[in-house]
Amino acid sequence: MNDVIVGGMRFTLDLSKPLYEQVLNQIRSSIAKGEIALGEKIPSVRELAQALKITPNTVMRAYQELERDQLTETRRGQGTFITSNAEAVASIRTSLAEEAIQEFLSKMYSIGFTLDDIQHLLTHKGGQEG
């Protein structure tokens, strides 16, 4: 699991998990965090596939899903670009946050914490990172 930087994006792939989902989620996360600017060109399917040592079909599948989510747009003859639509990016950012919260709550409930316990921990630990 080595980090690979392609077109300003950092990828870490775990071969035990579906590769297209990892590519998709890592690009979504980079967009949500603002690591990739609105309207910025992203690597071609072939370029990203070669850099990550995965098949172009895997990258194409991730790119198609990004386009369905309206996070990217393909311009004929020019390549694939991050959307210029700030609302689409805000929407995916909110969606990612909601997923993270749900995963966190599920994990906390599974180890026996109540909502009150969780709120108490967050109140006392919330301002501290790490």
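Predicted model: local features only at pLDDT ≥ 70, side-chain atom pairs only at ≥ 80, totals over all residues.

Visitor: How many bridges join β1 to β2?
Guide: There are 4 bridges between β1 (residues 3-6) and β2, and the two strands run antiparallel.

Visitor: Okay, zooming out. What pattern does the chain follow along the sequence?
Guide: Reading along the sequence you get β-β-α-β-α-α-β-β-α-α. That comes to 5 helices and 5 strands. The C-alpha trace spans about 55 × 35 × 25 Å along its principal axes, and buried residues make up 32% of the 130 residues.

Visitor: What does UniProt have on residues 17-85?
Guide: The UniProt entry, which is unreviewed, annotates that stretch as "domain: HTH gntR-type". In the model, residues 17-85 are 51% helix and 14% strand, with the end C-alpha atoms 31 Å apart.

Visitor: Where do the other strands go? What's the order in the open sheet?
Guide: The order is β3-β5-β4, an open sheet of 3 strands with antiparallel pairing. The edge strands are β3 (41-42) and β4, each of them pairing on one side only. Helix α3 packs on this sheet and touches β3, β4 and β5, with its direction at about 110 degrees to that of β4.

Visitor: Tell me about the β4 and β5 hairpin. How many residues are between them?
Guide: There are 3 residues between β4 and β5, and Gly77 in the turn has a positive phi of about 80 degrees. The strands themselves, β4 (residues 72-75) and β5 (residues 79-82), pair over 4 bridges in the antiparallel sense. Thr72 has Ile82 as its bridge partner in β5, while Arg75 stands opposite Gly79.

Visitor: I keep clicking on Leu71. Where is that?
Guide: Leu71 lies in the loop between α3 (56-68) and β4.

Visitor: Buried or exposed, and why?
Guide: Leu71 counts as buried because its relative accessibility is 0%, and the cut-off for buried is under 20%.

Visitor: Which residues is Leu71 in contact with, leaving aside neighbours within four places in sequence?
Guide: Its contacts include Arg28, Ile31 and Leu66, then Phe81, Ile82 and Thr83, and also Ala88, Val89 and Ile92.

Visitor: Last stop, the end of the chain. How do α4 and α5 pack?
Guide: Helix α4 (residues 86-110) and helix α5 (residues 115-125) pack at an angle of about 115 degrees, and their axes are 10 Å apart. The crossing of α4 and α5 is right-handed.

Visitor: Which residues meet there?
Guide: From α4 you have Phe104, Leu105, Met108 and Tyr109, and they meet Leu115, Ile118, Leu121 and Leu122 in α5. By class, that contact of α4 with α5 has 8 nonpolar residues, with no polar and no charged ones.

Methods:
Residues numbered from 1 in each chain as written. Heavy atoms only, no water. Axes fitted to C-alpha atoms, helices over the stretch in contact; angles between N-to-C directions. Left-handed = near helix turned anticlockwise from the far one by under 90°. Contact = heavy atoms within 4.5 Å. Nonpolar A, V, L, I, M, F, W, Y, C, P; charged D, E, K, R; others polar. UniProt positions renumbered as here; feature names shortened; annotations may be inferred. Pairing = 2+ DSSP bridges. Buried < 20%, exposed > 50% of the residue type's maximum accessible area, 1.4 Å probe, protein only.
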